Structure formats: structure tokens, C-alpha cells
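Hi,

Here is the structure I promised to pass on. Have a look at it first, and then read my notes below.

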Amino acid sequence: MSESKKEYTYIDLFSGCGGLALGMHQAGWKGFFAVEKNEDAFKTLRTNLIDSKSHFLWPDWLPLSVHDINILIEKYREQLLQLSGKVTLVAGGPPCQGFSTAGRRDEMDFRNTLVDSYLKFIDLVNPETILFENVTGFTQSFRSNDNTKGKNFSTYIVDELRKRGYTVGFNMINFSDYGVPQRRVRFILLASKKIDPTIFFELLKKNSETFLTSKNLSKKVSIKSAISDLEKKHGTVICPDSPSFKSGVYGTACNSFQRYCRVGARKGVLPDSHRFANHKDETVERFRKLLLLNIRDKNLSNLLKSDYGVNKNCFSVLDAKLPSPTLTSNPDDHIHYSEPRTLTVREYARIQSFPDWFVFCGKYTTGGECRKNDVPRYTQIGNAIPPLFAEQVGEVLKQLIELRE
């Protein structure tokens, strides 16, 4: 981590469990405060980055708790106005579910209106720079019932930010090109009044190899390289927070990525949230057959529907030699590359580049109507920005700011 000439502050909007915040922390930034409305996601962020790392300064006028962005804007308008021009960066992106091609893509989804809430917040705080992240579907125009072209939110936000005096640039970025063991492509936008976004994206790509080399990490990491020390074959014990489940123990760390993730984890302590699913015998047998078929990293939905009567839109057996496909909030979408089971929360976290010392709070999973409101551990991780990528963003932004000053 390079030395800063001064302390750079940012506000984390729609912060979730803290993937972006962790990366910015590791890059030497200081959070001013975070905005997250879900209790469990905020508890995870608070446990790791407030109570443990003291990453956020947190103003006296704002309760240290969950916040809905619209209520925050209404209730603390004057305090936010007083921050105008004093915050280097506002980072984060509204919930992606309304834009995701994996979902129903409803233009009228209420979560899509949070883009306007984001812009209202920008109007009040007037940061120097804005970092915005969302799914690739954010760039696609919606279609109405009569198949006419609807709103394109990426065009909308670019136009709105330009009206506010920002120079705007964006790219589709595959996080697997930045040392993350996951082929996860996201829309990344940078808007600034002082930084050229084109230079930012060029430098981000150029610096990645040097950054990863400094941490003894490879640019491309396979899923087996990421999680083989967490395989069930290394042994199991009763899960500390779920006595009716088994939890995995550590195997030997056998590569630099595993050693990197295990830095800071307490020796002799079980990996956090490494709880194995209690699959039915018939489910385990079905998974064994799929593993024997050796059809790796391919969508097996049609095979499952025809041979097993399983109705899933996306289902695959992971390929040990490749980075993982994009993780969703549903752990049932993928089978482990060598064991007849789904992935654990800790394995999800590894694939998203969270270190093992980072613990997760709340339910493991949820279902039914609870899906509308709950943000269990799998969902927290599936929604997060990989900290390893966020750290690289933080480093490049610091570098550009320091060159300008």
C-alpha cells in the first residue's frame, strides 16, 4: 500500500456487507459513513470494519445504524449539504435485482428508482469523484409489453452526471482479470470533476499485474486454487452456530491465494461460516452422477429438467481449472468441482476474495416470501464488490489524486 499525502475520505452508498469498504480500507482510504438499510448486512459491515477495524469516522449527527437512503436525504438534508465539496469520493451502486438479466427485468421495479435517490444524494454532497457499480443489465434498455424500447439507465445516469459538471467514463470489467477467482463482469462508472476517467481505466488495467505481484498473487486464479483447502475431505466438526450441521476444518494452504486469504485468521480456529448443506441422500447421489458425467462449467438446466425433473434456470458443475462463474445469492446454482455438494458461505467468500478473518452475520439462507426482505450470508456475499478489486480501485484513485496535487 502506497503512502498517502493526506487522508482521503469517501461515503459508501448501498454498502451491503462491506466488500467495497474492505478494499478501500486496505488501500488506505477512510470511510466517512456507510448507508445500508438491511440489518444483517450492516451488522456484518459493523462487526468487521467499525467495531474491529475502526474504518469509518462516522459523524456525530448520524446514528450508527441502518439507514434508508431516501429517509437519510429527507431527515439529514442540512447536514449533508454542509458536506458539499468536502468529501473526495462517493462510491457504491443501487441494488441490481431490477436490472439483472437473471431476473424478471421490470422497468417499474421500485428498486430502480434508487438511481434517482443516488443522484439526489450527489446533489447534496457534491463529491469530487463518483464510483458507480452495477450489473451488465444496467446498460440494456428495458422492453415494454408491446416490445417497444424502454429506459436505458446507464445512458440516463451518464447524462445526468454530465449535466452536473462531471466528466464520465465507464467500462465493463471482468473481475477475473484482477486476481479474483470468479468470471464476474460488472458495469463500472467513474465520474469526476478533476480526474480523467479514461486515464483511470487505463491505469487500473496497467497497474493490476504489478499490484498482484506485490501481494504474491496471480492474475488468473482457478476455483480449486481458491478453495481446495476448504474441501470437506479435510474433516468436519459440529458447526458452532448451527449444531444440526457440520462445519469444515482447514486443510493445508497450498498456494499463495489461500495463504493470502488466511492471513489474520486465528490459528486453530474453524473457518467462519464454513457450514456444509444437509443434502438428502438422493440429492448427493444425483450430484455424484453429475460429477461422473464430467460436464464442467456448463449450464445443466435442460439435462436436469429432462432426466431429474429439476426446474432451474441456471445450474452447473464447477470446473476446478477455471475461475468460478458469477456467484448468485442462491447456493443451489452450482455443484462443487469434486465433492457432491453445494458451496459453503466461506467458499463463496473466498471466491469473492474476502479474507478468512472477515466474518458474516445473520441467517445462512432464506426462502419463500422472506427472499423479498432478508439478506442472508450467501446474498451478502453475492451482492458484494470483491475487496481485492476494490483495493486496486482505491490505489489507482489515490495515485491520480496525488499526481494532480
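Two rings of Phe, Tyr or Trp (for Trp, the six-membered ring) count as a pair if their centres lie within 6.5 Å. Please keep in mind that this is a predicted model. With that cut-off, searching the whole structure turns up 26 aromatic pairs.

One of these pairs is F33 with F121, which is edge-to-face, with 6.5 Å from centre to centre and 75° between the planes. It ties together distant parts of the chain: F33 belongs to strand β2 and F121 to helix α5 (residues 114–125), and they are 88 residues apart. F33 and F121 are both buried. F56 and W58 make another edge-to-face pair, because their planes stand at 80°, with the ring centres 5.9 Å apart. These two, F56 and W58, are buried as well.

Now zoom out a bit: which residues do ring pairs link into a cluster? They are Y8, Y10, W29, F32, F33, F42, F56, W58, W61, Y76 and F121.

Rings also turn up with charges over them. K193 has its charged end over the ring of Y166, 4.7 Å from the ring centre. R262 does likewise with Y250, at 4.1 Å from the centre of that ring.

Next, the helices. A handy thing to remember is that an α-helix has 3.6 residues a turn, so residues three or four places apart point the same way.

Take α2, which runs over residues 39–49 and has A41, F42, T44, L45, N48 and L49 as its buried residues. Looking down the axis of α2, you find these buried residues within an arc of 155°, so they line one face of the helix. Their cover includes α1 (19–26), β2 (30–35) and α13 (377–382). Where α2 starts, N38 has a side-chain oxygen within 3.0 Å of the backbone nitrogen of D40.

Then try α10, residues 281–293. This helix has 13 residues and spans 19 Å from first C-alpha to last, close to the 18 Å expected at 1.5 Å a residue. Which residues of α10 are buried? The answer is T283, V284, F287, L290 and L291. Their arc around the axis is only 120°, so they sit on the same side of α10. D281, E282 and L292 are exposed on the other side of α10. Just past the end of α10, N294 has a positive phi of about 60°.

Cheers

Terms used:
Residues numbered from 1 in each chain as written. Predicted model: local features only at pLDDT ≥ 70, side-chain atom pairs only at ≥ 80, totals over all residues. Heavy atoms only, no water. Buried < 20%, exposed > 50% of the residue type's maximum accessible area, 1.4 Å probe, protein only. Helix = DSSP H or I, 4+ residues; strand = E, 2+ residues; numbered from the N terminus. Arc of directions from axis to C-beta. Contact = heavy atoms within 4.5 Å. Polar contact = N/O pair within 3.5 Å; in protein donor to acceptor, adjacent residues only side chain to side chain. Phe/Tyr/Trp six-rings, centres within 6.5 Å; stacked < 30°, edge-to-face > 60°. Lys NZ or Arg CZ within 6 Å of the ring centre and 35° of its normal. Expected span 1.5 Å × (residues − 1).
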